[in-house]
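Walk me through this structure, starting from a single residue and moving on to the sheets and rings. Keep it brisk.

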Amino acid sequence: MKSLLFSVVLLLVSAMAFPISLALGEDQSPTGNYSNVVLEGDPQHLGFPVPFPEPNLPPDVGPFNPPSYAVSETAPAIAEISRTAGRDEVVSMTGVALADQCAFTIFSQAAGAQHGAVTSVAPLVADDTAATLLLPVTLPAWSMYLIWPSRGADHGKAIAINRTEAWWTGPEKGVPGEAVSVYGRNLAHANGKTRSHVYIKPTGRPGWYLRPRSVNPFRVEFQIPDLPAATYEVWMHNGHGGRYGWSGPLKLEILAKSPWAGQDQNVVDVTRFGAIGNGVVDDTHAVEQALEAAGNSAPATIYFPKGDFRISATLHAPAEVTWRGAGMDETKIRLARVIKESMIVSPGDNVRFQNLTLVGDGKTDGHPVVSLSSARDIRFEAMRIDAWGGPALDAQDVRGLSIYASELVENGSFYGTSRQVFFIDNKFRMTRYGESVVALWGGSDFSMIGNELTNADESRDDGHGIGRFFVGQAHFGSLRNLYWERNVSRNAAPHDCDKVDCNKGEQICFEIVGSQLIDRFIRASATTVTFGALPNRGEQIKSGLDLVIVGGRGAGQHRHIVSTSGFRVVLERAWNVIPDKTSRFALAATASRAAIYDNAFQGRDSYAQHDSDSTGVLLYGNVYDVVVDSNNISRMRHGMMTVALDSTRGLSPFFLQYSNNRVSQSNSGLYVGTTFADSGVAGIWGGLGNVYRGNIFEDIAYIGVEYETWDHSGSDYNGTVFDRNRFDGVRYGFVDAYKLMWTHDGRFESGPRSGRSRRINTVLHGNKFSRGATRLEGSMGFLTMHPDNTWLNIGSRWTDFSGGNAGPPL
C-alpha cells in the first residue's frame, strides 16, 4: 500500500513539474481540452461583486481576462482554500472528488500583459476531503490567481487566491476629515505597504477614488471626504485581478455632525459649584451639582481644573457630556472611601472623558472604576484610570468605544459583546496577576493598534500581570472582525507558579469552545440547512452562532447564521459546496476574520526554566480565517500555537495562516496539535487547511515544531502545510509524538494504537532545520512516533543533528 501511495505521489509531482500553459487573447479561442471555454467579461458570472455603476479602474490596474467554464455538477469542487499565496508556494483546500483524477486549472495574467495564461497542475496530495497544490513558479509574481478544479473537460466553480477581501470598516461612521480604516485580507498591491484603491460611492450612483493615508495587507486608512451626510458604499481593490478584483460593498455613514458636537461650547466648571480639589475636602456634592447642570444643558462639558478632587459616592455621567481636566498629570478624581460599586456609571450615549486621572484606590470592592453598561459612542482621550488590583472598565454591550493615548493601571477589563471598539496608543499596566487587558465574550469590529503592555511595578508582588493582551471566549456568541497591529508587550508572562496558575500567559488568546455536534440532517440548499432538531443555545444567540461542517461533504466551511425558523437555519452567505447527509455539523460560537500583524510580543527570560503557557498567539478551538503575520515573538514557552480539542464537540481550527513571523529565544517555536481530547468521534476533523509559511525560528531551546497527538479517535489534521520556514539553533527540529506539550527531556512517546488523532497528508515544502550551536548528543532533526501518519516532503532539509536528518518517511 505504501509503495502504491508513493508511486501516485511521484506521478503527481511529475505532473506538477510540467504544467500545460495556454495563452488567451481577446479574440483567441482556446484549444486542446478546453472546448467548453466561453470568454466572458462579467466578474459576477464567477460570483465576484463589482460596484454599480461600474467605474473605470485606476491606471495602474491592468487587465484580467479569464475564461469562463461551464460548471459541471459532476466535476470536483473546492469547498474552502488558502486565500493568500505566491508562486512556488503551497495552498491547502477542502472539497469534493479532489483525489479522483482531479487537476487544477489556474488562470493568471502578468501586470501590464494584455493576455493571460491558463496552466493545468496536479495536486501534491489529495484524498476525499482535502488536497494541497504547489503554485507553479511560472506564474506571475504575487498576483490574483483563479483556480478551477477539473476532471477532463468538466470544471467546478472557480475560487480566487489573493483577491481583495474587505471585511469591515472602523469606525463605521464619522464626519468629514476623520480617519477611517478598512480591515480585511489581501488589501494591498503585491501584499505590500504602498498601494491600495479605495472607492466610495452613494448606492446606485457613481463615486470617487480616495487616496489612502496608510496601507498594509490587512488595513487601509483613509480620510472621510467632504460629502453630504448619508450612508455610502466603500469598495476596495488591491490592484490585482482587473474587474474581478473588487471587494465590497462595506457601509460608511458620513455624519453631518460629530456625536460629541457642541459639547465644547458649553463648559461647566466644577469650582463654580464649590469643588475645592485640594485632596482633603470631599467634593462629592459639588461635582454632583455640576454634573446635573451639565446634563440639563447638554451638550456640555464638565471641567475639572488642576487639582485632586475627592469623592465618596458613585458619580453618574449624563448623556451628551464631556468630562475634561487640565491633563492626566494635573487633574485627579479620587475615591475617598470604599463604596463597593463603580466610581463612575455612564448609562448615557455620546460621552467623552479627556485629560483626567481617575483613581479607584482599591475602594470599588472589585467593581470597575467606570461602568459603561450598554452605552453608545463613548470616548476616552489622554486619560489615566488607576484601578490597581481591579478592573478599569466594564463595557458589556457598548457600540462605539474608543480609547486613545491613555493609561490603564488594572487587572483587566471586560468588554462582553461590544462592537466597534478601538484601542490606539495606550499603555496598559497590569497588576495583581490580572487575567488580561481585554476579555471579549462575543461581539465584533475590534481593533488594537500601537498599545503597550507591561507589569505595573515589578518590585511589588502584586505589580505583575500574567501576560495577556487579549482573551476571546465565545460565552455569548461568535466573535469576528478583529485586528492587532504594532502592539508591544514587555516581560509579559506568569512570573511565580506558586502564586498564579502558570497554564496562562497567551498574549493573544482565542479559547473558543462553545460548540456541539448536530445530527438529524434533513436537507440543505445554498443558504439554508434543515435539521430534525436544534439545541437551545440561549445567551449565545445574542452575538450569533455559526454552522460549521466538521466532517463529510463540504468539510472546512463555516457560515454565520442570520436567522432560524423552527429547525431550519438561514445562512449569511452561500456554501461553496452544499452539504448532504454525509456531512457532519457543529453549531458553534466561533472566532473568525482576524489579523494579528506586525506586533512585538515578549515573555519572560524564564521561558525554558519551568512549564507555562506563555505564547505569542494561541488559536484554540473553533477559530477560522485568522492570519498571524509579520510578528516578532520572543521569550515564550511556545512561540505560536494551533490547538484542536475533543471531536465530540467539533472543536476544530480551520484555514489559519501563520506567515513571516520571527520567533526567538523560546522553549518551543510552533505547536500544532490536539490536546485535552478526553473523548472522540471518528470522522470529525481537528484541523483543515492550516498553513505555516515563511516564518523564522531562532535560538529555540527545545523543539522547533511540536506536532502533538492525543487519546481517542477524531480531531485528525489533514492538508497541513509547512512552507519555507527556517529553524536555526534548535535541538529537536520537528517532532510528531504523543502529549508533547509537557515533555522537556526528549523522551517522546507514541499515542495509543486503539485510537488517537492522526496527521494526514502533511506537506513539508522548502523548510530548513539547523541544529546550530545546540548540543549534538541526542539531537534529532525529524522524528515521528506514528508510522501511519502520512507526509510529502519537497526540498525540506535537516542538517547537523545526531539523527533524523533524512526527514519524514516516504
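Predicted model: local features only at pLDDT ≥ 70, side-chain atom pairs only at ≥ 80, totals over all residues.

Asn355 sits in the loop between strand 29 (351-354) and strand 30 (357-359). Its phi is positive, about 60°, although Asn355 is not a glycine.

Arg486 can be read in the same way. Phi of Arg486 is near 55°, again a positive value in a residue other than glycine. Arg486 belongs to the loop between strand 44 and strand 45 (488-489). With 39% relative accessibility, Arg486 counts as partly exposed.

Now step back into strand 44 (residues 479-485), where Tyr483 has its place. Is Tyr483 buried or exposed? Tyr483 is buried, because its relative accessible area is 1% and the cut-off for buried is under 20%. Leaving aside residues up to four places away in sequence, Tyr483 touches a set of residues that includes Trp168, Tyr183, Phe218, Arg219, Met448, Ala595 and Tyr597. Asn216 is also among the residues that Tyr483 touches. The side chains of Tyr483 and Asn216 are joined by a polar contact of 3.2 Å. Phe423 is 60 residues from Tyr483 along the chain, and their C-alpha atoms are separated by 10 Å.

Next, the rings. The structure holds 48 aromatic pairs. One of them is Tyr69 with Trp148, an edge-to-face pair at 4.8 Å centre to centre, with 80° between the planes. Tyr69 lies in strand 3 (residues 67-69) and Trp148 in strand 9 (residues 145-151), so the pair ties together parts that are 79 residues apart in sequence. Both Tyr69 and Trp148 are buried.

Trp441 and Phe476 make another pair. Their ring centres are 5.5 Å apart and their planes stand at 75°, so this pair is edge-to-face. Trp441 is in the loop between strand 40 (438-440) and strand 41 (444-449). Phe476 is in the loop between strand 43 (470-473) and strand 44, and the pair links parts of the chain 35 residues apart. Are the two partners buried or partly exposed? Trp441 counts as partly exposed, at 27% relative accessibility. Phe476 is buried, with a relative accessible area of 19%.

Elsewhere, the charged end of Arg163 sits over the ring of Phe48, 4.4 Å from its centre.

Seven strands form an open sheet with antiparallel pairing, in the order 47-53-50-51-52-49-48. Strand 47 (515-518) and strand 48 (521-524) are the edge strands, each pairing on one side only. From one strand to the next, the twist averages 35°. Inside this sheet, strand 50 (residues 546-551) and strand 51 (residues 558-565) run antiparallel and are joined by three bridges. Leu547 has Arg559 of strand 51 as its bridge partner.

Last, the backbone has two cis peptide bonds to look up. One joins Gly170 and Pro171, with omega about -10°. Pro171 is in the loop between strand 12 (165-170) and strand 13 (173-174). The other joins Gly248 and Pro249, with omega about 0°. Pro249 has its place in strand 20 (residues 246-254).

Notes
Residues numbered from 1 in each chain as written. Heavy atoms only, no water. Pairing = 2+ DSSP bridges. Helix = DSSP H or I, 4+ residues; strand = E, 2+ residues; numbered from the N terminus. Axes fitted to C-alpha atoms, helices over the stretch in contact; angles between N-to-C directions. Buried < 20%, exposed > 50% of the residue type's maximum accessible area, 1.4 Å probe, protein only. Contact = heavy atoms within 4.5 Å. Polar contact = N/O pair within 3.5 Å; in protein donor to acceptor, adjacent residues only side chain to side chain. Phe/Tyr/Trp six-rings, centres within 6.5 Å; stacked < 30°, edge-to-face > 60°. Lys NZ or Arg CZ within 6 Å of the ring centre and 35° of its normal.
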